[in-house]
Amino acid sequence: MRKTFILLFFLCVVTQLTIAQQAKGNKWIWGPSLGWQYQSGNFLKASGWGLFAPNDHQYIKIDAGANFTWMQDQTTVIPELGLTYYVSTKLIFPFIKAEVTPYTVTPKVGIGLLSIIDLGIGYGFDTQTKNNFKPINGFTGSVSLNIPLNFHLQ
């Protein structure tokens, strides 16, 4: 229950940041994302994301979505929030990322091709094991395709 309140609080903060950015005239690039991740098993990742530029040389992406998996003879959906900091605006964008679910915290590093295709590696820390499920922890690798629905920032 407490984690639900934390997730709702985080979503409210993200919404307020979006409104504040739009009030200043800054634009967000946003769209859907599909990906795959291996972390104690295979996950299909689907999310929505928004990306903004805090300055001329870096980007920050916020995403919220769900991880789908078929482990231990059951289908499971796990919500996820992510924050990505792209440290360069060249063709290859190196990034630092943090992903949080009700069961894990996963810091990652990686590279993105114009932030459209992201390749990441990291380590997931099990914070709580889901009932009737195995712990989700250890090394992780992921690939995601971010589909922008608008293409410029002001």
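**View 1. Ring pairs tie Tyr-59, Tyr-86, Phe-93 and Phe-95 into a cluster.** This is a predicted model, where local features need pLDDT of at least 70 and side-chain atom pairs count only at pLDDT 80 or more, while totals for chains, interfaces and linings use all residues. Residues are numbered from 1 along each chain as its sequence is written, and side-chain values use heavy atoms, with hydrogens and water left out. Searching the whole structure turns up 6 aromatic pairs. To count as a pair, rings of Phe, Tyr and Trp (its six-membered ring) need centres within 6.5 Å; planes under 30 degrees apart are called stacked, over 60 edge-to-face, and the rest tilted.

**View 2. Here are Tyr-59 and Phe-93, a stacked aromatic pair.** Their ring centres sit 5.7 Å apart, with 20 degrees between the planes. This pair links distant parts of the chain: Tyr-59 belongs to strand β3 (residues 59-71) and Phe-93 to strand β5 (residues 92-100), 34 residues apart. Strands here are DSSP runs of E, at least two residues, numbered from the N terminus (for helices it would be H or I, at least four residues).

**View 3. Lys-45 and Glu-80 make a salt bridge.** The structure holds 6 salt bridges, each one a side-chain nitrogen of Lys or Arg within 4 Å of a carboxyl oxygen of Asp or Glu. For Lys-45 and Glu-80, the closest N and O atoms are 2.8 Å apart. Lys-45 is in strand β2 and Glu-80 in strand β4 (residues 74-86), so the bridge ties together parts that are 35 residues apart in sequence. Take a look at the burial too: Lys-45 has a relative accessible area of 11% and is buried, and Glu-80 is buried at 8%.

**View 4. Asp-118 forms a salt bridge with Lys-61.** In this one, the closest N and O atoms are 3.1 Å apart. The partners come from distant parts of the chain, with Asp-118 in strand β7 and Lys-61 in strand β3, 57 residues apart. Asp-118 and Lys-61 are both buried.

**View 5. Asp-63 and Lys-97 pair up in a salt bridge within a network.** The closest N and O atoms of Asp-63 and Lys-97 are 3.8 Å apart. Since Asp-63 lies in strand β3 and Lys-97 in strand β5, the pair ties together parts that are 34 residues apart in sequence. Asp-63 counts as buried at 6% relative accessibility, and Lys-97 is buried with a relative accessible area of 12%. Follow the shared partners and you get one network of salt bridges joining Lys-45, Asp-63, Glu-80, Lys-97, Glu-99 and Lys-108.

**View 6. Ser-40 has a positive phi, near 60 degrees, without being a glycine.** You'll find Ser-40 in the loop between β1 (29-38) and β2 (42-52). Ser-40 is buried, its relative accessible area being 15%.

**View 7. Ser-115 is not a glycine, yet its phi is positive at about 60 degrees.** Look for Ser-115 in the loop between β6 (104-113) and β7 (117-126). With 11% relative accessibility, Ser-115 counts as buried.

How values were computed
Buried < 20%, exposed > 50% of the residue type's maximum accessible area, 1.4 Å probe, protein only.
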